[in-house]
Amino acid sequence: MNIFRSLIAKVWQDPNAAEVVKIESGQLYLVRPGNIRSSRECIYNEAIATIRRVPSIDHNFQLVITRVYEEGDQELLEDEDETDEERVFLISQELEFRRGAGEGDDQATFVWRDLDGDVDELYEFVMTEETNEPTRAFFETCMYRAMYERKYKMSADNIGDQDLSEFTWKPPAPKRAGAGKKAPLVASESASPTGSREHSSPRKVTKSSPNKIKAMPANTATVVEEDAQFFVWDVEVDGFVSAHDDFLRAKILESTSNDYKYWIVATDEQEDLIMHKIAADMNPRWSPKTQSVTWNFYVDGAYGSWAFQFNSSDAYENFKVAFARAAWETLHHTPFNKIKPDEQAYVLSATNEDVEMRDAQNEDEDEEEVVSELDPDEEPSEDEEEEDDNASPHLQGERNSQLTIGYKGDRSYVVRGSNIGVFSHAGRNQVKYYATISKVSTPKGREFKPREVILHDQDTKMVLMNPAEPHSLYSMDIERGKVVEEWKVHEDVTVDHIAPDNKFAQMTPEQTLVGASHNALFRIDPRISGLKMVDSQYKQYVSKNRFSGVATTSSGKLAVASAKGDIRLFDSIGKNAKTALPPLGDPIIGIDVTADGRWIVATTKAYLLLIDTLIGEGRYAGSLGFDRSFPANAKPMPRRLQLRSEHVAYMNQEVNFSPARFNQGEGQVENAIVTSTGQYVVAWDFAKVKKGQLDKYEIKKYEDTVVQDNFKFGDDKEIIVALENNVLAINKKNLKRPTRASLVGPMTGLHHRSSIVNSPY
């Protein structure tokens with residue numbers, strides 16, 4: 001290193017020099033040993049490697065690989081919203097940076113770990129002949145100095161070669177025969193100034209005193225018990241770190257009092273380290289690649305995240321099945337083995353992760369693949385929303401409660417108490433306050449707060465539900481801003497939910513609506529005299545269905561959800577369901593369907609449920625579940641879209657999703673799903689979800705609670721967001737990949753792992 005001392009003095013000690021060292025020419029590859037895909041994928045055919053300072057954060061540096069465009073390439077990409085121009089890696093010891101094996105002057109390489117991939121996946125930067133050995137050695141030395149400064153939070157100016165030796169990667173020692181311990185579980189966040197781990201191996205957690213460990217509940221029995229490594233999410237390291245020196249026993253216990261209570265337990269030979277009661281808000285996420293499960297639990301005023309990593313696929317599967325059964329029984333208070341075998345298989349299949357769906361596109365990196373590769377610390381685009389501009393007047397004591405998007409009139413409507421705010425879509429991802437429809441009242445002058453609203457008849461009318469009159473609907477003339485009619489639907493049947501006749505009916509003069517009570521479906525026609533229910537299109541179901549939402553396809557077929565968690569598919573009103581999908585257990589609070597009926601997204605409090613309605617085998621293969629019944633042995637495999645447990649730990653609040661929606665527009669393909677929870681807007685890339693990448697979501701945090709959000713009609717980029725006290729628009733590209741920075745900002749109010757590991761109850 002001494003031969004570079006004068007050079008380092010010039011580039012390293014200048015705090016105003018953003019770039020420390022650069023290699024001007026090379027290629028970037030992603031190497032996947034033993035993968036069924038290409039084992040060596042070229043990411044950038046021409047690239048520059050740079051060591052860059054992290055702005056405003058002392059002793060932190062980034063390794064940046066920037067794509068160099070060939071002549072003509074840049075012009076071809078000018079019309080793209082986003083391009084994959086660089087990959088950024090926070091320099092830390094965990095990257096395991098080193099020179100490639102067997103290199104020569106004609107093709108020297110640097111390699112480092114892909115922290116977003118499996119433990120054996122690597123990035124490889126191949127340098128050209130123009131990069132000589134002194135340049136390569138200087139670059140390597142600067143990498144080790146950056147690791148030193150990050151780890152010790154001090155300058156590397158006065159250190160010697162021996163001080164950097166600890167950062168030189170050394171191949172792991174060969175495993176002893178029979179050794180079963182796996183590599184440590186790591187989080188899959190991209191390296192960023194606030195989103196990387198600092199240590200290459202798990203750190204031991206100091207145990208709390210035994211008097212903090214309460215006695216195990218009496219009358220329990222062990223359901224399953226497997227060897228596992230135990231990890232806890234460390235907010236300082238920004239990764240999962242070891243919470244125990246060696247394998248321990250991962251257990252699920254059940255109460256023997258027949259009250260359907262279960263606990264997930266980590267125990268060693270001396271004590272129980274944790275004992276978490278299994279509940280609907282645990283947010284479990286199963287990863288077959290790492291044979292691990294992560295979950296959340298609220299303790300000591302904060303949400304923590306824990307993980308088990310099992311030493312065999314059999315142990316992983318056994319624990320997963322036992323957990324799924326326990327979670328189902330906790331919600332239903334019924335023995336799991338009492339339901340039909342095909343329903344058991346349906347419930348268990350919802351725990352499967354990373355399974356590619358039937359119509360997933362397998363092209364190489366296309367336009368949509370680039371979207372999620374945004375730099376998490378990138379500045380917002382110029383057209384990002386301004387929260388304080390054009391705000392609507394606020395009514396003291398009231399909050400925004402609902403959002404509905406116009407299809408034809410380029411308007412959005414937001415319910416606030418007994419008032420409705422009207423907002424125009426001003427372009428460039430902006431909405432402007434336009435008017436207020438004040439004091440919504442019945443034709444008899446009784447003011448009310450609408451419970452549910454939808455636009456109707458080419459956006460000239462709005463249909464409102466009055467909580468005080470559950471047997472009626474009210475028609476508002478949008479132009480006049482006044483309720484002009486009461487539609488009495490039935491004397492005895494309540495109208496609990498409404499939906500358009502078909503997905504795009506509000507763009508047409510169609511007059512009829514679909515209505516649902518807790519156990520009936522019916523058509524509503526305001527043109528008939530007297531009661532508005534169409535008697536010939538009314539169907540009441542014997543069981544207590546507790547219907548909780550209705551959605552229609554472009555051809556008028558219906559998906560109906562229930563508070564029990566099941567979903568029914570109908571080809572028309574007045575008939576029995578063609579398909580009945582059993583409940584996973586959590587109440588469904590919202591449902592949406594693609595225009596063609598192929599996909600359904602159902603919203604529960606803690607996760608979204610995505611279902612492919614295409615029948616894949618049997619007599620009716622190729623039909624949809626709206627038209628034919630699924631074979632008993634070939635029901636669809638539901639997919640859970642949920643937030644990663646470590647992200648919930650950073651958010652430090654309970655997940656409470658608003659009804660999720662696909663982007664929509666006539667002739668437009670659905671390629672995104674948007675929802676919200678608390679202060680966060682969350683959007684999934686639907687194309688990636690169909691490829692099995694269920695955690696490919698992006699996020700945006702606001703200072704106020706998000707009430708509801710939805711895509712502007714006919715636009716898959718612009719999202720209209722209703723906050724409790726504001727309405728705004730945001731371009732989807734301004735959402736960020738979830739990192740510590742995008743989720744929580746400065747490190748305040750977060751518990752260090754030592755405060756949550758040994759809190760068993």
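1. Three strands make up an open sheet in the order 40-41-42, with antiparallel pairing; strands here are DSSP runs of E of at least two residues, and helices runs of H or I of at least four, numbered from the N terminus, while two strands pair if DSSP finds at least two bridges between them. Strand 40 (706-711) and strand 42 (727-731) are the edge strands, each pairing on one side only, and the twist from one strand to the next averages 25°, with axes taken as lines fitted to C-alpha atoms and angles running from 0 to 180 degrees between N-to-C directions. Five bridges link strand 41 (residues 718-723) to strand 42 in the antiparallel sense, and I719 stands opposite I730 in strand 42.

2. On provenance, this is a predicted model, in which local features need pLDDT of at least 70 and side-chain atom pairs count only at pLDDT 80 or more, whereas totals for chains, interfaces and linings use all residues. Residues are numbered from 1 along each chain as its sequence is written, and side-chain values use heavy atoms, with hydrogens and water left out.

3. Confidence deserves attention: the chain averages a pLDDT of 83, and 80% of the residues score at least 70, pLDDT being the predictor's confidence in each residue, from 0 to 100. Among the elements of the chain, strand 32 has the highest mean pLDDT (98) and helix 7 (residues 367-370) the lowest (36). Over residues 362-389 the pLDDT is below 50, and this stretch has 60 contacts in the model beyond near neighbours in sequence, a contact meaning heavy atoms within 4.5 Å.

4. A further open sheet, of four strands, has the order 20-21-22-23 and antiparallel pairing. Strand 20 and strand 23 (482-488) stand at its edges with a single partner strand each, so one side of each is left without a neighbour in the sheet. Strand 22 (residues 472-477) and strand 23 run antiparallel and are joined by six bridges, with M476 opposite V483 in strand 23.

5. Which residues lie nearest the centre of the second largest pocket? They are E452, V453, I454, R661 and Q708, from a lining of 34 residues. Elements giving two or more residues to this lining include strand 20 (452-456) and strand 40. A pocket is an open set of points on a 1 Å grid over the protein atoms alone where a 1.4 Å probe fits, with protein on both sides within 12 Å along at least five of seven lines, and lining residues have an atom within 4 Å of a point.
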